[in-house]
Amino acid sequence: MKLDYSSVDRSPRSARRIVLAASVCVVGLAILVSRESIAKRDLSTPSFSEDVAIAEAVAYEQAIQSAVSDPLVVPEASEWSSVRIEPGETLSTVFETEGLDTAQWMSILELGPDARQLKRIKAGDTLEIRKSGDDLLELRYELDDLRTLHVERVGDHFEANTLTADLARSTRTITGTIDSSLFIAGQKAGLPVRMVMELAELFRYDIDFALDLRDGDRFTVVMEELYKDGVKLRDGDMLAAEFVNQGKVHRAVRFKDGEGRSAFYTPDGQSLRKAFFRTPLDVVRVSSPFNLRRRHPILNTIRAHKGVDYAASSGTPIKATGDGKVAFIGNKGGYGRVVILQHGQQYETLYAHMSRFRAGMKAGAKVKQGQVIGYVGASGLATAPHLHYEFRVNGVHKNPVNIVMPRANPIARAQLPKFQSQIVPLIAQIESARAPRVAQAPAAILPAISAATP
Ligand SMILES: [Zn+2]
């Protein structure tokens, strides 16, 4: 048998090089890898070269283990200790129970606004302290997820710094198919509830989630996840979304404009926002569609139904579908309690059968799109609580369900090149979600793992 030292030697040496550059968690993985290779070799007939390999691997593993434990060695004096705050405790009582000079906590509180947060420590908080006798040497306190207050003795006084953790950002793609409701499909796919709402809000100008949703409709969301020290801290923002409704593809991408305002746009730079919402209610089912020849349920005569009836329980908030002002508010025959909004010169919207108006609404008042103007009821000619909604263009009734709505502001021309380059990876991520699903690891963590893989 030929001894081939060079091949035996190669992998540990190159692995060592990686260890030098990589972090502790990567080293941990390398240990697993080397253990596995030892186990594999044990299965075959032992030979001299394999003995050498095993001996090398063992020595290598020991070297790594001592390297791993090195950073964990704590100086003998002045160890850090954790103090968990009990109910009723304050900084001064902590100093007392820890046997620290109580004069010191007062000077610490004078070190600035972040240090003053120590006044508000509460049960369950943790203080990390390092002391020498009755002298405090260092103190650490997590102000929030990202910021840690660090107080340190320098000579005869204390200094305070606030350390901000570096957040690693990675993206995650979630995709789902509608089989009952958007909400349930979102839950099944693992989409955070907040994002389900955002998704519905995003496309509410293009899709009437009460009327248009069909089984088999699909959504894809690209969202950001924030990691601190390799551990997921929380979900970030939605970056892009796609909704395929009855075969029609709707897409939205987030973009921060020159003034730092974030908004969603279509991939060609149009605003997703339109002058009008499709519906004045958030959760709706349509009980009577727009129909110019309809038998009226109470009058039993053929009367055009020049609006859309949305069945909803009494008290459901009704939202202004566009910016405008109150042209009429009050009682009006069969409409019952009704609000008419004027939007510019051409458009009017009407909301009837309300149980009550929102407090403070009066004729001439300005309203913003999405602002609650009143609540669903059955006032006037109505058999059950519902919202009767009309949409008029130049005085002519239009079906709000299928009218083409004007879009709000597009991206400024000067911002378009930046926008177009930014959305390329997001669109690619949405499109890759259409391919067969592959287990997705957070992108920020991937490079570290692949560096340790021989
Ligand atoms: Zn009606």
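1. Start with the charges: a network of salt bridges ties together R172, E225, K232 and D235. Keep in mind that this is a predicted model. As background, side chains of opposite charge can pair when their charged atoms come close.

2. Zoom in on one pair from that group. R172 and E225 form a salt bridge, with their closest N and O atoms 3.2 Å apart. R172 sits in strand 6 and E225 in strand 7, 53 residues apart, so this pair links distant parts of the chain. R172 is partly exposed at 29% relative accessible area, whereas E225 is buried at 5%.

3. Five strands make an open, antiparallel sheet in the order 6-7-8-9-10. Which strands stand at the edges? Strand 6 (167-177) and strand 10 (262-265) do; each has a single partner strand, so one side of each has no neighbour in the sheet. From one strand to the next, the twist averages 25°.

4. Look at how strands 6 and 7 line up: they pair in the antiparallel sense over 11 bridges. T173, for instance, stands opposite V222 in strand 7. Helix 9 (residues 416-432) lies across strands 6, 7, 8, 9 and 10, running at about 135° to strand 9.

5. Back to charges, as the structure holds 20 salt bridges. Among them is D179 with K188, at 2.8 Å between the closest N and O atoms; D179 is partly exposed at 40% and K188 is exposed at 60%. Another joins E390 and R392 at 3.2 Å, N to O. Buried or exposed, these two? E390 is buried at 2% relative accessibility, and R392 is buried at 15%.

Definitions and conventions:
Residues are numbered from 1 along each chain as its sequence is written. This is a predicted model: local features need pLDDT of at least 70, side-chain atom pairs count only at pLDDT 80 or more; totals for chains, interfaces and linings use all residues. Side-chain values use heavy atoms; hydrogens and water are left out. Two strands pair if DSSP finds at least two bridges between them. Helices (H or I, at least four residues) and strands (E, at least two) are DSSP runs, numbered from the N terminus. Axes are lines fitted to C-alpha atoms, for helices over the stretch in contact, and angles run from 0 to 180 degrees between N-to-C directions. Contact means heavy atoms within 4.5 Å. A salt bridge is a side-chain nitrogen of Lys or Arg within 4 Å of a carboxyl oxygen of Asp or Glu. Buried means under 20% relative accessible area, exposed over 50%, partly exposed in between (1.4 Å probe, protein chains only).
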